Each structure stands twice: as structure tokens, then as C-alpha cells.
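Here are some exercises to work through with the sequence and the model side by side. Try each task before you read its solution.

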Amino acid sequence: MILQVNGVSFGYNGRRVLDDVRFSVNPGELMVILGPNGVGKTTLLRCINAILKPAEGAVWVDGHEVLGLTPQQIARRVGYVAQQQSAGRLTAFDAILMGRRPHIQWRVSDEDLRIVDGAIKSLDLQGLAMRYIDQMSGGELQKVAIGRAMVQEPKLLLLDEPTSNLDLKNQLEILRLLRHAVQDHGLAAVMTMHNLNMALRFADKYLFLKEGRIFDVGRPEEISAETVDAVYGVAVEIHRHNGNPLVIPKEEN
Amino acid sequence: MHFAQGEIPRQYTRYIGRKSAFIGASFLFLAGAILVSISQGAAGIPLEGVVRSLLGAGAERRYDVIIWNIRLPQALSAVAAGAGLAVSGAVMQSILRNPLGSPFTLGISQAAAFGAALAVMILDAGVMASTQVGAVTISEPILTTATAFVFCLAAAAVIIAVSRLRGASPETMILTGVALGALFTAGTMFLQFFADDVQLAAMVFWTFGDVGRANWFELALFSGVTALATVYFFANGWNYNAIDAGDETAQGLGVRVERIRLLGMLVASLVTAVIVAFLGIIGFVGLVCPHMVRRLIGGDHRFLLPATVIVGGLLLLISDTVARLILAPHLLPVSILTAFMGAPAFLYLLIRGYRR
């Protein structure tokens, strides 16, 4: 098991956002965290990589408690793709090279350059490597951000809504790419998402948060209409299509 | 995870090579510009004489006197001040995530002007030697400089204190700086209103940034501070790149964003405070130069910062040389020229398509 979240609670200014959250993720597993806006999905990701300090509980990554590690040591184990990417005047190659920072002592080594080139090839970004990222589209920029997290050579990948603002083709590309990265390299990945059908199609496990607590955890085929109704307050039907569950809101009337 | 199939792309090494070549070429250009600048002035000195004097290889005695007492310290002051102001500006623009970032955005120059005015008024440090233009002297330069410096640091301290309370976000720092700038400007106007003619002249005179003001000792002092700060900035090049990608991404890469932001602001303010205290207020180099260099070689701080140091020194040296010659025999303070050139240059960059 790579990630173990042990009874994590967190509050902003006395208002409790997360309450006793506990779950674990194994190598090769992609977990998706679902729930309404403001339920604490992003807060949970930030607690996992110690950008925020949980009030109670502990997070273990690859056998280490994260609060006992320095930020640099965490960055060697956990890659984080934030929801917002701002783009400076850097080439895509340099932007991805930045992911080597936790490993770089003083100078960039040839090995670092080779790893970045390898990541660019595996993301199929060769044609974009020397372009400035401030001239890129949202989908391209998102791939660069994922590349940056991948060259950190992490055990655990955290992604905060990696497909928001992307068109259908780009959503599929990003999720397929994540799927492969997770399986091929034995990573554990946790992502947040709003699109239920995409989430259920690509994730190995889902986790529903409601009012800061875990409401339901399971495999995509185990999802029930009652759960979705209870979490979002929307009546839905669940259909099967080629083995994938499809969540469809019921008609009003 | 590991990527085994990678190799070092030729295209990338060539790209890096071009940037290094740019830095090398501008360094050579700077060295040449120093020689030319020293040769120019009321008494023209042939380049050969300049080189002989600098190498101590038997130049004419009067050349030695002019070069070692006047021209060389002035040229080196221009280079050191330009380098320090420009690199501080580049770092500020990154850590404040704002294209208008420069130590002046944070109210540092207004604080210095207030400190100098206070020294002239209350501590009686300014005297007018005659009624001729340019004959105003600050009778207690050390006292004035020290007071200006203290107020620069006070401004920086207030910004850090507010950042500690509210979190070191770019907005907090910039808005605090704007408030401080307004406060110190009001303080200076208050002093000027009650000043007599002599004091008023001395206050205004002090604010004209002039690189001819520093002696060898002062030059050594602010060059040393600039050099140390530059080493610190270079060592943090990766951190500034990461902060450019967003605070959260930087934190995910193991960067202690708030600490880097506070320290960067402190060091940049210190450099500016030392330079402004000795030379007066020289605007626009810190603002325009980083934008120019960014347009030429991109925003990667590993290369941007060294290039900004050199180009900043070069820009102020050229400006100062032109300022000395343009209205000869009058010597124009360089700050007037930089402001005149800086504003159109900035507008040009803006219209040509500005990028951070």
C-alpha cells in the first residue's frame, strides 16, 4: 500500500472541513474523490502532501509519515498537479524539467535531461517541447503539468480536477494517459473530479465525500443511484453500457 | 516511475547554448562599454590611454588622475547600481507575480526620500554653498545616507510584519507597499512645506539619482552587498521558476513559497536601500530591464537573472555616459535620463505584446 490516510480531520477558522477521513490506495490504483463543490476535496489533497497540516490523524506515503518529512523529501515521493496552472515564458521542456527540482542538487545533470526527454516521449509531446508554455492551449498546458509531476518520479500522484476546462478529446487523452502511467509504473494516484461518468470509467475506486466525511467507497461497478442521490441531492438512474456504469439524471416531473 | 528511453535532445542543448552565448556576448559588450565610457567626457582620453592607465602601464599622469578619481568610480558605480537594481526588479516581478514589481513598488524609494528629507530638515544636514545651480551640497552625507537607509529598512520591516499577519501573498505585499509609498510621500511633502529655501533645495537635490556621487569606499560597500545578494538570487533561480508556475505547484515541488517570498523581498529591499541611500533615486532600470531581457531570452531564471545583472549594468552605464555628454558642460544626473527613456521603452514593450 502506498498511501494510507488515517483519520484525518481539518478545519478552517474553527469550521470543520474534513472529519475522520480514512482510506488507502495500492500501487497501480487510480482513486477518484467525488462530492459536491466545497466539500473538501482539494483540502484533502493538500493534507495528503502536507501543504496543509491536519488537525488530527496522519498521512502515510510509502511507509513514511508525511509530516515527518521535509518539503523536498515529500516532493520526491508525491507529485501534485494543481487545479490552476499559470504559465511563465518557459519552454515546455524547461517547465517539465522543473519537476526535477526536488532531485537536483546544484546543477541539472544529463540524467535529468534524459528523464525529461523520456517523459515528453511517453506523453507524446515531442512537437511541443521547445514551444513557450504561455502560447499553449489548456489541454497542452495540462499535459505539461502532468509531465512535470511525472518526472518527480513519485510513488503517489495527486491531481486536482485534471480535466476541468478541457474538451472531450483532451479529457479522454489525459485520463488514458494517467491510466497508463499508473498501471505501467505501479504508481498510486488520487484525483478529484466532477464528471461522474468519466470518473467511473477510468478510476479503480471511487470515494464520495459528504459534509467532510466519507459517505461511500467502492469500485465503479458497485455504485448505486441512492448514493449519488444522497451526496448531490439529485435523483439519478444508473445504466450499464459496455460494462461501464453511466449516471443519468432523471427527467423532472 | 522511471523513464529509460530518454536522450538529451540536440535542439534543447542548442537552445541553452544560445542563451549562454547571449550572456557571454553582453558581458564582452559591457567590458567594452566601460572602456569607451571612461574615455568620454570634458577631457577626451584616447582608448589606448584608458587601457594603459587601467593596467598601470605608464599612462600620462593627468589621465591617471581623471580616470582613477572620477571616471572609473563613476562607471563602476553605474554598472553596480544598474546590476543591483535590475536583478532586484527581476526577482520582485517573480515573487510578487506582478509585472510592475520592483523594489520601488514597495515604497522603498519614497521611504528613502523621506529619510533624506528628515535628515536635511531636523538634523540640519543640508547646506547651499552658493546660489549657482548644482552647488547645493549635503553637508552631512553620511548622516543623510544613514537616515535614508534606516527608513528603507523600516518600510521593508512594515511589509514583512503585515505579511506575517496576513500571509505573504503578492496582493498583501504590493498593497502594503502602495500604502507606505503614499504615507512617505505625504511625510516628505509635510517636511518640504515647512522647509526654508536652502533645506528645500537640498531635499530635492538629494532625490536626483546620480552615480557620480559615490567614492571608492561607498562603491565597494554597495557593490559588495549587490554581489552577495546576486549569489543568493542565483541560488534560488529554480525556486523563482517554480513560483512562476503558481504557489500550489511550487509547494508541490517542495518549495517553501512564503519563506522564499519574504527572504527575496528582504534581500531585494536591502540592495535597493543601499544603492538608493548612496546614489539617490534611480527609477525604471529595475522595472524595464528585466522585461527587456525576458523578451530576448525568456523567463527561465537560471539565465534571466545573470543576463539581467549584465544588461542592467550596461543600461545604466550607457545612460550615465549619455547623461554626462548630452548637455556638456552640464552634467545631467542619470536618473532624469533613465526616467525619460524608461517610460517610452516600457510603453513600447507593452504595445509589442507584453508577457511576464
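Buried means under 20% relative accessible area, exposed over 50%, and partly exposed in between (1.4 Å probe, protein chains only). This is a predicted model, where local features need pLDDT of at least 70, side-chain atom pairs count only at pLDDT 80 or more, and totals for chains, interfaces and linings use all residues. Residues are numbered from 1 along each chain as its sequence is written, chains are lettered from A and ligands numbered from 1 in the order in which they are written, and side-chain values use heavy atoms, leaving out hydrogens and water.

**Exercise 1.** Find the salt-bridge partner of E140(A), and classify both residues by accessibility.

*Solution.* Start with the rule: a salt bridge is a side-chain nitrogen of Lys or Arg within 4 Å of a carboxyl oxygen of Asp or Glu. E140(A) pairs with R131(A), with 3.7 Å between the closest N and O atoms. Next, take the accessibilities: R131(A) has 32% and therefore counts as partly exposed, and E140(A), at 22%, is partly exposed too.

**Exercise 2.** Which parts of chain B does the salt bridge of R97(B) and D247(B) link?

*Solution.* First, check the pair: the closest N and O atoms of R97(B) and D247(B) are 2.4 Å apart, forming a salt bridge. Then place the two ends, recalling that helices (H or I, at least four residues) and strands (E, at least two) are DSSP runs, numbered from the N terminus. R97(B) sits in the loop between α3 (61–95) and α4 (108–121), and D247(B) in helix α10, so the bridge links distant parts of the chain, 150 residues apart. Finally, R97(B) is partly exposed because its relative accessibility is 27%, and D247(B) is partly exposed at 26%.

**Exercise 3.** Where do D94(A) and R302(B) lie, and is each one buried or exposed, or in between?

*Solution.* The side chains of D94(A) and R302(B) meet in a salt bridge, 3.1 Å from N to O. D94(A) belongs to helix α3 (residues 92–97) of chain A and R302(B) to helix α13 (residues 301–326) of chain B, so this pair joins two chains. With 2% relative accessibility, D94(A) is buried, whereas R302(B), at 24%, is partly exposed. To finish, count the salt bridges over all chains: there are 25.

**Exercise 4.** How do α2(B) and α3(B) pack, and which residues make the contact?

*Solution.* Axes are lines fitted to C-alpha atoms, for helices over the stretch in contact, and angles run from 0 to 180 degrees between N-to-C directions. Helix α2 (residues 47–55) of chain B packs on α3(B) at an angle of about 80°, with the axes 10 Å apart. This makes the two helices α2(B) and α3(B) roughly perpendicular (under 35 degrees counts as roughly parallel, over 145 as roughly antiparallel, 65 to 115 as roughly perpendicular and the rest as oblique). On the α2(B) side, the contact is made by G49(B), V50(B), S53(B) and L54(B), and on the α3(B) side by Y63(B), D64(B), I67(B), W68(B) and L72(B).

Notes:
Contact = heavy atoms within 4.5 Å.
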